[in-house]
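The points below may be read alongside the sequence and the coordinates.

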Amino acid sequence: MIDVKELRKAFGPIQAVAGISFQAAKGDVLGFTGPNGAGKSTTMKMLSCFLSPDSGTATVAGYDILGQSFQVRQNLGYLAENAPTYEEMTPLSFLRFACDVRGIVGAAREGAIERIEDTCALAGVMHQPIGTLSKGYRRRVGLAQALVHDPPVLILDEPTDGLDPNQKHDVRMLIKSLAAEKCIVISTHILEEVDACCNRWMIISRGRVVADSTPDELREREGGSLDEIFRKLTSHDATVRTPQEGEAA
Amino acid sequence: MRGLLSVYKREIKSYFVTPVAYVFLVIFLILSAFLTFQRGFFEARQATLRVFFANMPLLFLFLVPAIAMRLWAEERRSNSIELLFTLPISTPQAVLGKFLAAWTVLAIALALTFPIVVTVAYLGNPDWGPILTGYFGSLVLAGAYLAIGSLFSALSRNQVIAFILAVVACGAFYSAGSPTVMAFVARVFSGGLAEAVEMLSFQSRFESIQRGVLEVRDLAFFVLLAAGSLWANMMILEERKAA
């Protein structure tokens with residue numbers, strides 16, 4: 001349901017994404033990991049049609065991100081980094097807006113919102129301005145927005161960032177429960193999360209795919225814990241410098 | 001159409017759940033009434049609203065950019081722009097939806113000045129033609145200011161910068177026909193440039209509409225200026241949504 005072909009994107013002199021290709025099918029939960037600045041968010045932004053690639057293309061839910069961006073966005077649930085919302089709105093009016101935009105109206109809209117209120121555990125805060133909610137609630141409002149129209153493809157950029165351990169667990173369970181019917185890509189810095197809810201593990205570094213496999217397979221092949229595998233495959237990306245080096249640069 | 005309507009509804013709601021619309025309406029009503037009476041509404045001893053409408057270009061010069069500055073700068077600052085453009089909404093729908101919502105707030109502001117109409121109707125026997133064209137012209141003028149403001153809001157993620165740039169740009173159109181500017185242009189540049197600059201003047205075009213002279217070229221000027229600004233607004237967003 002996602003087919004990425006040689007996506008490239010540069011910001012000035014920085015090649016953020018340097019030719020990424022992969023496929024993901026229905027039933028896949030793809031854990032997208034990589035060091036900061038590896039190109040995870042940029043790739044996700046291109047797949048959600050927010051940024052246009054310099055070259056290469058991709059299809060999402062069978063639609064081309066360049067030529068059929070409207071259909072892509074109609075069939076996609078996207079949670080952007082830091083889960084941006086409209087802070088002055090209440091979750092209820094925000095979700096109504098998300099439904100209206102996608103043509104879900106009337107009783108269908110209220111039904112969809114009721115379902116998602118339950119799924120994302122938003123009961124009790126539906127009438128409070130989003131700006132006054134805790135970080136965990138805000139993220140779940142963003143997640144609710146991505147799920148409310150029951151899309152076949154989900155792209156979630158760090159969906160559990162800022163949640164407490166219980167909420168993290170809930171979101172992982174939610175992702176797992178959705179997995180059978182959908183194609184899901186999540187980016188994360190928490191490698192246990194990959195183990196907990198993904199059936200595919202992809203590591204990207206400096207804009208390229210350096211591993212695309214399952215957690216078990218990589219453990220077998222590379223040996224060691226997930227953390228060690230991650231460090232081994234992305235170590236050339238190391239950005240920690242001693243102060244002297246920093247000054248010299 | 002669906003996208004435009006959804007954006008429009010969301011924007012209108014957000015004006016009225018935050019203090020933005022209320023503060024704007026109150027300030028606008030106070031200033032418009034104050035300027036009218038201060039600049040000789042009674043002294044004119046005429047049942048017209050000329051003094052009232054004559055203040056509009058100056059009043060809008062500061063108040064419309066204040067409404068417009070948040071349109072896109074706010075979306076960029078909070079990054080909700082990434083949400084907006086990953087929903088199935090096209091750029092023109094988003095730009096027009098936001099523009100129309102802000103324009104509606106301005107229309108409400110104008111509508112709420114009705115007591116001054118009641119006042120002239122009570123005091124005398126006003127000629128209704130110029131009053132109607134005055135309101136119509138004010139709305140069109142506000143739309144032109146607003147489109148310029150929206151354009152500058154899309155250029156920056158900082159609302160203060162968006163506001164200042166919009167005031168300067170609107171100020172250029174506002175002052176284009178004034179004697180000082182005209183004398184300066186005529187002295188520095190020779191030939192037809194002074195006439196060309198005068199044609200850009202908001203003041204003189206608005207004055208003729210407000211007198212009751214509805215000319216196609218005056219209307220076309222405002223409409224084309226607004227349409228051009230909104231088009232540029234769309235181009236900027238297409239080019240760099242992120243930034």
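How many residue pairs are in polar contact between chain B and chain A?

1. The count is nine residue pairs in polar contact between chain B and chain A, with both residues of a pair at pLDDT 80 or more. The confidence threshold applies because this is a predicted model.

2. On the side of chain B that touches chain A, three helices, α1 (2-17), α5 (70-78) and α6 (80-84), each supply at least two residues. The largest share of that side comes from α1(B), which gives eight residues. By residue class, the side of chain B that touches chain A divides into ten nonpolar, nine polar and seven charged residues.

3. The extent of the interface may be stated in two ways. In terms of residues, 26 of chain B are in contact with 24 of chain A. In terms of area, the two chains bury about 2,300 Å² between them, and 64% of this lies on carbon and sulfur atoms. Within chain B, the residues that lose the most area to chain A are B:R10, B:E82 and B:P88, which together account for 28% of what that side buries.

4. Charged pairs also bridge the two chains. The rule finds three salt bridges across the interface of chain B and chain A. In a salt bridge between B:K9 and A:D100, the closest N and O atoms are 3.5 Å apart.

5. Attention may now turn to chain A itself. Why is helix α1 (residues 40-47) of chain A described as largely enclosed by the rest of the structure? The description holds because eight of the eight residues of this helix are buried. The buried residues of α1(A) include the charged residues A:K40 and A:K45, and among the others are A:M44, A:M46 and A:L47. Just after α1(A), A:C49 takes a positive phi of about 70 degrees.

6. Most residues other than glycine have a negative phi. In the loop between β6 (76-79) and α3 (91-101) of chain A lies A:N82, whose phi is positive, at about 65 degrees, although this residue is not a glycine. A:A83 is found in the loop between β6 and α3 of chain A, and A:A83 likewise has a positive phi, of about 45 degrees, without being a glycine.

7. Are A:N82 and A:A83 buried or exposed? A:N82 is exposed, because its relative accessible area of 56% is over the 50% cut-off. A:A83, at 6% relative accessibility, counts as buried, because this value is under 20%.

Key. Residues numbered from 1 in each chain as written. Chains lettered and ligands numbered in written order. Predicted model: local features only at pLDDT ≥ 70, side-chain atom pairs only at ≥ 80, totals over all residues. Heavy atoms only, no water. Contact = heavy atoms within 4.5 Å. Buried area = accessible area lost by both parts, 1.4 Å probe. Salt bridge = Lys/Arg side-chain N within 4 Å of Asp/Glu carboxyl O. Polar contact = N/O pair within 3.5 Å; in protein donor to acceptor, adjacent residues only side chain to side chain. Helix = DSSP H or I, 4+ residues; strand = E, 2+ residues; numbered from the N terminus. Buried < 20%, exposed > 50% of the residue type's maximum accessible area, 1.4 Å probe, protein only.
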